[in-house]
Structure formats: structure tokens, C-alpha cells
Amino acid sequence: MIRVELVKLLCRPRTWVTLALLCALPIVVAAFIATTHLAPPPGQGSAFLSAVLRNGSLYPAAAMAMVVPIFLPVAVAVLAGDSVAGEATGGTLRYLLVRPVGRTRLLVAKLVSLTAFVLLAIAALVVTSYLTGRLLFGSAPPAAVGQPGGVTSLSGAPLTPAQLLLRLLGAVGFITVSMLAVAAIALFLSTLTDSALGAALGALAVLVASEILVTLDAAAAIKPYLPTRYWLAWVDFFRQPIFWRDIERGLAVPAIYIGLLLAASWANFMTRDITS
Amino acid sequence: MIRTEAVTKRYGRVLAVDSVDLDVREGDRYGLLGPNGSGKTTLVRMLLGLVYATSGRIEVMGQPVPRRAARVLPAIGALVEGPAAYPHLSGRTNLRLVDAAGPGGGRRSRRRRVDEALERVGLAGIDRRPLKAYSLGMRQRLGLAAALLRAPRLLILDEPTNGLDPRGIREIRDLLAELNAAGTTVFLSSHLLPEVEQLCTRIGVMDRGRLVLQEDLATLTAPTGRVVVDSPDAARAVALLDGRVEARTGDRLVVRHADAAQLNATLVEQGIRVAEMAPQRPSLEEIVLSVTTSSSDRVDAPVPA
């Protein structure tokens, strides 16, 4: 069943359109910056953007910073919201269940396919933005201090390519976990309703509400538990030394959301009448 | 094959299925009839473990459903409320995915199974067009192909000839009869009387959630002991058969008589011409209408007090 879900994911034109759009945004941004050389000053705008003019190797990190706050969660919410509700609307859910595919197995397959999508999206993003960065910004800083071709961390200390790769992988893992929390919210709603759109919008509503509450000082009491509170903590991977505190919390909070919501999805889906 | 005991399904305040005792025997061609909204589809969904019964017991092939549904479902082919498939994929790819999704059967024999199922329903020559380009009839055939994919012992089909033209209906009927002759039990739910009358050997009739009739078709449509005679000399026939004519409309007489052949001989001996003559049998339509109430999709205004 997992294989079937992956085939369905990859055979769907929608998947590729989403990926193309996701990768196109950083390319467009890079094109503008490269032609005008007007990067936002350090400390303003998207993280890393000010650094990429000096070294294109850091561009994947800048691209992730562009896509993670809105673009990627929207794509994940749409896909996850569609996962069960879309099958129900299309009528294929009942045929899968009488084939028979166990309900638990179906949910697991959906989750694996969503994880695959997130990884695929980030991988595509990293590869295309790395190539874009190297092409448009070059790899070596004009006035290289220290080792040649070195990349500077956000804290100013240089990073070796091996360190950069490891930290990039760490960031990818962190973002995957955050996105799976989004997927878990949408998947849970998807087992509640037969409307894929409703499930996706519901998940997005949760995210938007969380983003607003994060900025609100009066909501400080619940702030650490909001799903989007530590979303950008992966930036800390690019500090020297790595700033672990937020990263740890940023992994723990989504993990709790994922666990609870998946359990709820499972309980709901197992006991539900399939009337679609 | 299928046996239910007092199966009941309640959706909130609505009683969709009310204490149904269904009994489908191995080798039956069972037709479940009933007006729209009489609970046929809910019952079918409960048999397949999609909807959970509020109370009562369901047994399919000797196993309790939904508890052991995973054991019996691989031997069941089902079509529930119209076919469904992924619109952006071709029919063949859709069948391959269905085949791969469930248990049993190797990857190597998949192509053969898919080809055989397509051949059976008359879609052997389909190309790689996506499903959204298919006509309603083609989709229906593809749905049937999906049901036949695993050579099921039991077919549970909800409105299997929906969207097919008369020739297509005939083909599917022949296919189902052929499968049944080879040992497959066919359970069919429909509101189309002719479809059921021409295929099924046993019928059940549902009305407002209850199973109001369950009987062999042959028993139901057994001769009533009357003969219908159509004769240009109807007046003379009435005089001759004195007292045994139960009804007369124009040239048509209903005569109480056990043997049509004997009656014919008697009439002809007396020089009474007979245009048409047959033992009277109740039609399925009369039977169904006599046990069901009005359609649930008809909404009459309340009678003013």
C-alpha cells in the first residue's frame, strides 16, 4: 500500500506543479538580487539573504528561509488535507477499504507519502537553489579571509564545506519535522470531513492563528506550545557554535502535536462510518 | 453466504436499516430491490464493513463482519454506489493500483489479472487515455473489472448496469450469469425491476429500512391458478365459462382455471376464437408495489387539518 501511495503521489501532475512553484520562488529572488546587487541589509528581511551575495553556497539556507514560513506549509496542508478527504470525495476510499486495505495501513501509507513529499520538496529546493546560488553569486567571497571558498556562519566564524553540509542536513531534518506537524493537523481534519478543501483551510487557519498568537505578548503563557513558535529555529544550525536550545524545543513541540493528532486521526478513522 | 440477524443502523434520529434478517445462500443470484432511500446502500455498506451496524449480527462466508472483514473481503468483489477511480490515470493503471493496494497475488501475475478483468468486461482494447476521458458506461465497466480482479467467490454489486446502454446491460447480465454458473454468488441491489427479474433467482425487497419480502422469484411469480384469455368472441366465452370468469376488460378475460391447455381446447371446441392465452402470473412489479410504500424521494405537502 505504501508503494501504491508513492506511485499516486508521483503520478499526480499536481505534485510536480507544486514542486516547480516551490523551486521557482528562490530562483526569481536570486535573479533579482544578482542583477541589482541589492540584498537586504544584515538583520533585515529573509535570513541569509545578505550573506549570499558574498557566497552562493549559503543560498539553499536562504531559499528555505523564504519558503518555510508560508509556501511550504500551504503546500503540505493542501496535500495532507486531500489525503483522506480527497479519496472520500472521489469515491476511491470505499474501494480501497473493501479491497481490503486496513484503515491503519491506509493512514500509515498516507503519512509515509506525505513525508516523502516534504523530503522531496526540500531536496528539490536545496538542489535547485544551490545551483542557482553557485551560478549567480559564485562560490568564493571576493576577499577571502581564512580558507579559500569558506562560508561564513551567521555568527561570523567560517564554516568548512563539510560543516555546511551537516548543518544543511540538520536544517532539512528540522523543517521536515515541523512540516509533519502541519501534515498531522491537516490529516486529522481530513479524517473528520469529506471536504479536502475544508481540511486544508482548517489546518491553515490553525497555523495563521498560531502565527498571530506568537507575536502577541498577552499570549505569552501559551507561546511555547504553539505549533509555529520555533519554526525558524533551524536558523540556529548556522550559528557558530550551534544554538541548541530552540532547536530542541522546536523538535519536541511538533513531535507532541504529531503524536497526539495521529492518535486522534487513527481513533477517528477506525470508528467512522464510510458513507461517501 | 451472507446472513444477517436483526441488523439495525441508526444515523442520529433516522433509522436507515431496521432489524434486517438477510439470507443469501451460496450460488444464489440475489436481487435486493426497494425504492430510493429504502436502506439498500446502507445495508450493502454494512456487509462490506464500511459502515458499522448499530446493533445486530452480520456474517459473510461464515465470518463475522466487521470484526473479521479483512478475512472475507479478499474473496468479495464489490461495486458500491457507482464506480470510482483516479481521473488523471488510465484505466489500466487504475486497475494495477487497485490490485497492488490489497493483499494476495504477485507482482508478476498482475498484468495478466488486469488484462483478464478488462477482457471480461469488454475493455480489452482501452488505450492510455486518462479516466476523465471515459464515458459513463466505460467507467461502469471499469468498476466491474475492478470487482472481478481477484476472481471473487461473492460479488456484491450496487446498481451494476447504471449508465450502460441496452446492449451493455445485456452483456453485463450475460457476464454475471456466466460467473454465477461457474460458482460465484451474485448479490445485486437495484431499483430497476427488469434487471433483477431477468437475472435473479431470489429477491429481497426493502422498504423504509425493513426487509419486507425475501423469497425465491419462482415461488413469487408462480401461476395464480387463473388464465388470461384474449378472444374476439369474449361475450360467448363468458356465457360458456359461466361463473368462472373473474374479470373482463374488453376482449380480455381472467378465468379461474388450473390448466391453460385444457381451457384452450374447451373454447376452440365451441368455436370460440382465441387470440392470446396464458396462465396468469403476478409480475415482479405488482409484487414489489404491493409490499412497498411511496418512494422516499417523493415529498408530499402535509394534508391540511
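Which residues in helix 2 of chain A meet helix 7 of chain A? The close-up views below start with that meeting; please keep in mind that this is a predicted model.

**View 1. Helix 2 and helix 7 of chain A pack with their axes 9 Å apart.** Helix 2 covers residues 13–36 of chain A, and its side of the meeting consists of A:Thr15, A:Leu19, A:Leu22, A:Cys23, A:Pro26, A:Ile27, A:Ala30 and A:Ala34.

View 2. Look for A:Arg103, A:Thr104 and A:Leu107 on helix 7 of chain A, and for A:Ser265, A:Trp266, A:Phe269 and A:Met270 on helix 10 of chain A. The classes in this contact are four nonpolar, two polar and one charged.

**View 3. Chain A and chain B touch each other here.** Chain A brings 23 residues to the contact and chain B brings 22. On the side of chain A, helix 1 (2–10) and helix 6 (92–98) are the elements that give two or more residues. Helix 6 of chain A supplies the largest share, six residues. By class, the side of chain A that touches chain B has 12 nonpolar, five polar and six charged residues.

**View 4. Four strands of chain B form an open sheet.** Their order is 13-14-12-15, and the pairing is antiparallel. At the edges are strand 13 (245–249) and strand 15 (276–279) of chain B, each pairing on one side only. From one strand to the next, the twist averages 15 degrees. Within this sheet, strand 12 (residues 226–230) and strand 14 (residues 252–256) of chain B are joined by five bridges. One pair to find is B:Val229 with its bridge partner B:Leu253 in strand 14 of chain B.

**View 5. Helix 10 of chain B lies across strand 12, strand 14 and strand 15 of chain B.** This helix spans residues 260–269 and runs at about 150 degrees to strand 15 of chain B.

Technical notes: Residues are numbered from 1 along each chain as its sequence is written. Chains are lettered from A and ligands numbered from 1 in the order in which they are written. This is a predicted model: local features need pLDDT of at least 70, side-chain atom pairs count only at pLDDT 80 or more; totals for chains, interfaces and linings use all residues. Two residues are in contact if their C-beta atoms, placed from the backbone, lie within 7 Å. Ala, Val, Leu, Ile, Met, Phe, Trp, Tyr, Cys and Pro count as nonpolar, Asp, Glu, Lys and Arg as charged, and the others, Gly among them, as polar. Two strands pair if DSSP finds at least two bridges between them. Axes are lines fitted to C-alpha atoms, for helices over the stretch in contact, and angles run from 0 to 180 degrees between N-to-C directions.
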